[in-house]
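Here's a quick briefing to read alongside the model. Have the sequence and the 3D view open as you go.

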Amino acid sequence: MIANVNWRTSMIRKHCNPSRRGKAAALSLLLTLTTGTAVFADARFDKWVHGFWPQAKQAGISVSLYNDAFRGLKPDPHVLKLAEKQPEFVTPIWDYVEKRVSKTRIENGQEKLKEWNRWIARIERTYGVDRHIFVSIWGLETAYGAVLQNKKIVRNNIRSLSTLAYGDRRRGKYAKRQLIETLKIVQNGEVALSDMTGSWAGAMGHTQFIPTTYQAYAVDIDGDGRRNVWTSVPDALASAAAYLKASGWEAGKTWGYEVKLPRGFNYSHADSKKKRPLSEWAKLGIKRAGGKAFPRPSDMGRLYLPAGARGPAFVMLKNFDVIKRYNNSNAYALAVGHLADRLRGGGTFATNWSKDYRPLSRKQIKQLQSRLNQRGYKAGTVDGKAGPGTRGAIRAFQRSAGLVPDGQPAVDVLQRLN
């Protein structure tokens, strides 16, 4: 504890009072960035770092910290490659869920629930979030912290965000904002510059907080004076729970239910994002898998069919959308919810995924829309987005072809059209 206090004090003295260094420090920065023996291997990156300094200065970053953070830094080419391969959006949902809700992850999660029971119980009482949910997030994000030991995955957060800000046009604005907040976190003494690590996208610690979210919601539940999501499991789990609570988590309620659809079901009900009371879904013939009644018929939910008629069906409640605040992916939220159920002793999905169902890429959806329009099925604008109009056109074609009209943009539908 004494070492932490001394380190924090030295960091504050070093980085939080740029006025003491004044013009000499500014000159030092310019010399560092423009010296003939270039600090940066990439001259354009060197220029970018030089140009980013005024923005960092305006945000209150000290010149000495800026110097230290960028000294010897160069872009990370692997970051840009990883940015194109986010598994939540390019992996079939059943593969994504099955891989992340594995036997090993379930067993390890149950062990972690026992190991950290005292802290987990306190966090659950404090924030009203189901313990199995925030432990599941821990499991998906870093395999309960195991990923943080992998030096091939954990990166210098300033380098990763600088690379995105410098070289990724789509994420440039995001990365610049996160980079500023990352520097502020170091400057505030939350973590040493050398320990400021994260993912390729800048997510930090056991529960992978991006810097802006960390600044707004991270908490210090272990009382050591730092919101330490990197090495303090209690702080990391409490921060995740605090964020879920602030995002609207409804205590005492689940994320959703696997359901069974009646014969001849009208699949257009799955197109709308509009929610209905569970009692109304029940009137349409929808029942919980396993036969139990919905415990709160007045709860609002929406129908979600990840693979149309060829996979499990779900009615999602508000807490599913709250999980998506952590990662805006249906696959991610479904995996978190399912892992949570497995950790508390639940079983696998009642309906198996059909492996012959293959979703279309955006380019293929454009082809599908074009073919449907050519055949007179009125899919609308060819934009690669399978909205209600496109799904309605798919259902019309499926009915004419003698297929189950679930409206799913699948490979076999495109093949039939071709």
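This is a predicted model: local features need pLDDT of at least 70, side-chain atom pairs count only at pLDDT 80 or more; totals for chains, interfaces and linings use all residues.

- Five strands make an open, antiparallel sheet in the order β4-β6-β7-β3-β5; strands here are DSSP runs (E, at least two residues), helices are DSSP runs of H or I with at least four, and both are numbered from the N terminus.
- The edge strands are β4 and β5 (287-288), each of which pairs on one side only; two strands pair if DSSP finds at least two bridges between them.
- β3 (residues 256-260) and β7 pair antiparallel over four bridges.
- On to β6: three bridges join β6 to β7 (residues 313-316), again antiparallel.
- Arg302 has Met316 in β7 as its bridge partner, and Tyr304 has Phe314.
- Two bridges join β4 (residues 276-277) to β6, also antiparallel, and Pro277 stands opposite Met300 in β6.
- β7 is covered on both faces, with Ala313 and Val315 buried on one side and Phe314 and Met316 buried on the other; buried means under 20% relative accessible area, exposed over 50%, and partly exposed in between (1.4 Å probe, protein chains only).
- Four of the five residues of β6 (residues 300-304) are buried, so the strand is largely enclosed by the rest of the structure.

**The cores**

- The largest nonpolar core has 100 residues, and Phe70, Phe134 and Leu334 have the most contacts inside it.
- A second, separate core has 13 residues, including Tyr267, Leu305, Ala313 and Leu317.
- By nonpolar core we mean a set of buried Ala, Val, Leu, Ile, Met, Phe, Trp, Tyr and Cys residues joined through side-chain atoms within 4.5 Å.

**Helix α14**

- α14 (residues 233-246) has 14 residues and reaches 20 Å from its first C-alpha to its last, close to the 20 Å expected; the expected span is 1.5 Å times one less than the number of residues.
- The helix is mostly covered, with twelve of its 14 residues buried, among them Val233, Asp235 and Tyr243.
- The cover over those buried residues includes α9 (117-127), α10 (131-142), α13 (211-217) and α16 (318-324).
- At the start of α14, a side-chain oxygen of Ser232 comes to within 3.2 Å of the backbone nitrogen of Asp235.
- After the helix comes Gly248, with a positive phi near 110°.

**Asp168**

- Look for Asp168 in the loop between α11 (157-167) and α12 (172-187).
- Asp168 counts as buried because its relative accessibility is 8%.
- Its side chain makes a polar contact with the side chain of Arg171 at 2.9 Å; a polar contact is a pair of N or O atoms within 3.5 Å, where within protein one must be able to donate a hydrogen and the other to accept it, and residues adjacent in sequence count only if both atoms are side-chain atoms.
- Not counting residues up to four places away in sequence, Asp168 touches Leu80, Ala83 and Thr163, where contact means heavy atoms within 4.5 Å.

How values were computed: Residues are numbered from 1 along each chain as its sequence is written. Side-chain values use heavy atoms; hydrogens and water are left out.
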